[in-house]
Amino acid sequence: MPWDTQDYPDSLKNLDTAVRKKAITIANGMLHEGYEEGRAIPIATEQAKEWYSNASEEDINKVKQMTDKELRTRDEENPQNSRPELMEKGEHVIAHEDGWAVQAEDAKQPSEVFEKKEEAVNRAKEIAENKGTAAIIHKQDGSIQENISYNK
């Protein structure tokens with residue numbers, strides 16, 4: 001059964017309205033594609049946060065205005081909206097002025113920054129495994145140190 005603003009996973013309750021609605025939309029699309037709830041929820045949450053950090057005010061307002069019916073049916077009518085472009089992109093660990101960043105390929109900014117490289121690597125692996133993509137670990141100079149594939 002698809003989720004809406006009246007019935008959605010508890011883990012989404014503390015998110016901003018636009019992020020929560022986007023996560024519901026993404027998760028509903030993933031469920032429609034056959035993902036298990038336990039896998040769809042964290043992936044949808046991560047992707048909704050990534051979307052929000054790159055979305056225009058216009059896009060954010062459109063999502064905020066979505067009705068429950070649109071949240072439940074939107075992805076069945078238009079499946080490509082259920083998986084944002086970054087969903088298929090690998091997670092990179094790159095040097096950052098504040099330590100080490102985890103950033104999806106082609107993202108405008110990192111999703112998280114850590115003081116220690118090991119923390120960033122662990123987070124990138126977790127996200128990549130959930131998305132079924134790859135974790136690409138870079139050295140301080142930007143060259144690739146390791147490429148770990150989680151393709152399913």
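**The sheet and what packs on it**

Strand 1 and strand 4 run parallel and are joined by 3 bridges. Before I go on, this is a predicted model, in which local features need pLDDT of at least 70 and side-chain atom pairs count only at pLDDT 80 or more, while totals for chains, interfaces and linings use all residues. Residues are numbered from 1 along each chain as its sequence is written, and side-chain values use heavy atoms, with hydrogens and water left out.

Some terms. Helices (H or I, at least four residues) and strands (E, at least two) are DSSP runs, numbered from the N terminus. Two strands pair if DSSP finds at least two bridges between them. In general, strands of a sheet pair through backbone hydrogen bonds, either parallel or antiparallel.

On to strand 2. Strand 1 and strand 2 run antiparallel, with 6 bridges between them, and a hairpin connects the two through 2 residues. Here Val 93 stands opposite Val 102 of strand 2.

What is the order of the strands in the open sheet? The order is 3-2-1-4-5, for 5 strands with mixed pairing. Strand 3 (112-114) and strand 5 (144-149) are the edge strands, and each pairs on one side only. From one strand to the next, the twist averages 20°; axes are lines fitted to C-alpha atoms, for helices over the stretch in contact, and angles run from 0 to 180 degrees between N-to-C directions.

Strand 2 (residues 99-104) and strand 3 are joined by 3 bridges and run antiparallel. In this pairing Ala 101 stands opposite Val 113 of strand 3. Helix 5 (residues 117-131) packs on the sheet and touches strand 1 (91-96), strand 2, strand 3, strand 4 (134-138) and strand 5. The direction of helix 5 makes about 160° with that of strand 1.

Now Val 113 itself. Contact means heavy atoms within 4.5 Å. Leaving aside neighbours within four places in sequence, Val 113 is in contact with His 96, Asp 98, Gly 99, Trp 100 and Ala 101.

**The cores**

A nonpolar core is a set of buried Ala, Val, Leu, Ile, Met, Phe, Trp, Tyr and Cys residues joined through side-chain atoms within 4.5 Å. The largest has 22 residues, and Met 30 and Trp 51 have the most contacts inside it. Helix 1 (17-32), helix 2 (37-54) and helix 3 (57-64) each give two or more residues to this core. Helix 1 supplies the largest share, 7 residues. Another core lies apart from it, with 13 residues, including Val 102 and Ile 137.

Thr 45 is found in helix 2 and is buried, with a relative accessible area of 13%. Not counting residues up to four places away in sequence, Thr 45 touches Leu 12, Leu 15 and Ala 23.

**The rings**

There is 1 aromatic pair in the structure. The rings of Trp 51 and Tyr 52 have centres 6.4 Å apart and planes at 55°, so this pair is tilted. Rings of Phe, Tyr and Trp (its six-membered ring) pair if their centres lie within 6.5 Å; planes under 30 degrees apart count as stacked, over 60 as edge-to-face and the rest as tilted. Trp 51 is buried at 15% relative accessible area, whereas Tyr 52 is partly exposed at 32%.

Key:
Buried means under 20% relative accessible area, exposed over 50%, partly exposed in between (1.4 Å probe, protein chains only).
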